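Here is a structure to go through by question and answer. Each answer sets a value against its definition.

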Amino acid sequence: MKIQGKVFVVTGGASGLGAATATYLVGQGAQVIMVDMNQELGQEMQQRLGEHSVFVKLDVTDEHAVKVFFENIEQQYGQLNGLVNCAGIAPSAKVLGRDGIHDLGMFQKVLNINVSGTFNMIRFAASLMAKYQLQAGEEERGVIVNTASVAAFEGQLGQAAYAASKGAVVSMTLPLARELAREAIRVMTIAPGIMETPMLKAMPQNVQDALGQMVPFPSRLAKPEEFAHLVGHIFENTYLNGEVIRLDGAIRMQPK
Ligand SMILES: NC(=O)c1ccc[n+]([C@@H]2O[C@H](COP(=O)([O-])OP(=O)(O)OC[C@H]3O[C@@H](n4cnc5c(N)ncnc54)[C@H](O)[C@@H]3O)[C@@H](O)[C@H]2O)c1
């Protein structure tokens, strides 16, 4: 898919990987709608990126609000070509912690945002993408890129909820790609390692350096721009479909 002139929705677009992705896509000539719960950061992003971007405050788990959001996209832009799901949360807690057993509500919240939120966006996005009229020379109507984590494969101590949620994102990739193939829509997932996003930048420099040293090569945290670049490649390479790509410098996480 050619990125220039196409319409993309990026969730979690106010911060970290979503913000880097929105910046990259606008730089390639796309129209980008960023959605996030963080209105202040989202509006800053919109100002920074200019007229080819717009920020909409949206909770990806809200069934009604997401339906209305996509109806508005259809009215305003008449098409949707790409969805990048970056919205997510990553709390950690032990099953048997110092303060008692793992809170069930917290487990459900992680699953709700990371899995149901991702799926909620996918179902409405796919429905709109399927209406796209292919232009001469075009092969595909839409591309969906999800964000899992290496925790889907090597969840660490305290990551039962987070790892379960990212495992679900990994597992839904192939059945979605299989089903949406007949609409010429591709579905891919990226499983990042340790990324230099605001979450990690808040840690002391020596902790960041120690985390970076754990990565075989390059021995540093990944830059959000490297994630965005991979998203761009996935959009442009039509033969990538139904697969999960680790973006991790060959790291395999240890138990803790
Ligand atoms: N940073 C890392 O090292 C890393 C590693 C692996 C995977 N990931 C995954 O990448 C994704 C992005 O992470 P990040 O590091 O950029 O984090 P981030 O916290 O910088 O960005 C996530 C954004 O999602 C938004 N969000 C949370 N819940 C939402 C909801 N219900 N509706 C809409 N927006 C919501 C937040 O407001 C935030 O702006 C997450 O899914 C995370 O699990 C991150």
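This is a predicted model: local features need pLDDT of at least 70, side-chain atom pairs count only at pLDDT 80 or more; totals for chains, interfaces and linings use all residues.

Residues are numbered from 1 along each chain as its sequence is written, and side-chain values use heavy atoms, with hydrogens and water left out.

Q: Why are H1 and H8 called oblique to each other?
A: Helix H1 (residues 16–27) and helix H8 (residues 224–236) pack at about 55°, with axes 8 Å apart. Helices here are DSSP runs (H or I, at least four residues; strands are E, at least two), numbered from the N terminus. Axes are lines fitted to C-alpha atoms, for helices over the stretch in contact, and angles run from 0 to 180 degrees between N-to-C directions. Angles under 35 degrees count as roughly parallel, over 145 as roughly antiparallel, 65 to 115 as roughly perpendicular and the rest as oblique. H1 and H8 are therefore oblique.

Q: What makes the contact of H1 with H8, by class?
A: Residues of H1 including Leu17, Ala20 and Tyr24 meet residues of H8 including Phe227, Val231 and Phe235. Contact means heavy atoms within 4.5 Å. By class, the contact has nine nonpolar, four polar and one charged residues. Ala, Val, Leu, Ile, Met, Phe, Trp, Tyr, Cys and Pro count as nonpolar, Asp, Glu, Lys and Arg as charged, and the others, Gly among them, as polar.

Q: What makes H4 and H5 roughly parallel?
A: Helix H4 (residues 104–129) and helix H5 (residues 160–180) pack at about 20°, with axes 8 Å apart. That angle makes H4 roughly parallel to H5. By class, their contact has 16 nonpolar, two polar and one charged residues.

Q: Which residues come nearest to the ligand?
A: Ser15, Leu17, Asp36, Tyr162 and Lys166 do, of the 26 residues around the ligand. A residue is near a molecule if one of its heavy atoms lies within 4 Å of it.

Q: How do you know which form the peptide bond from Phe217 to Pro218 takes?
A: Omega is near -5°, and the bond is cis. Most peptide bonds are trans. Pro218 is in the loop between helix H7 (205–213) and H8.
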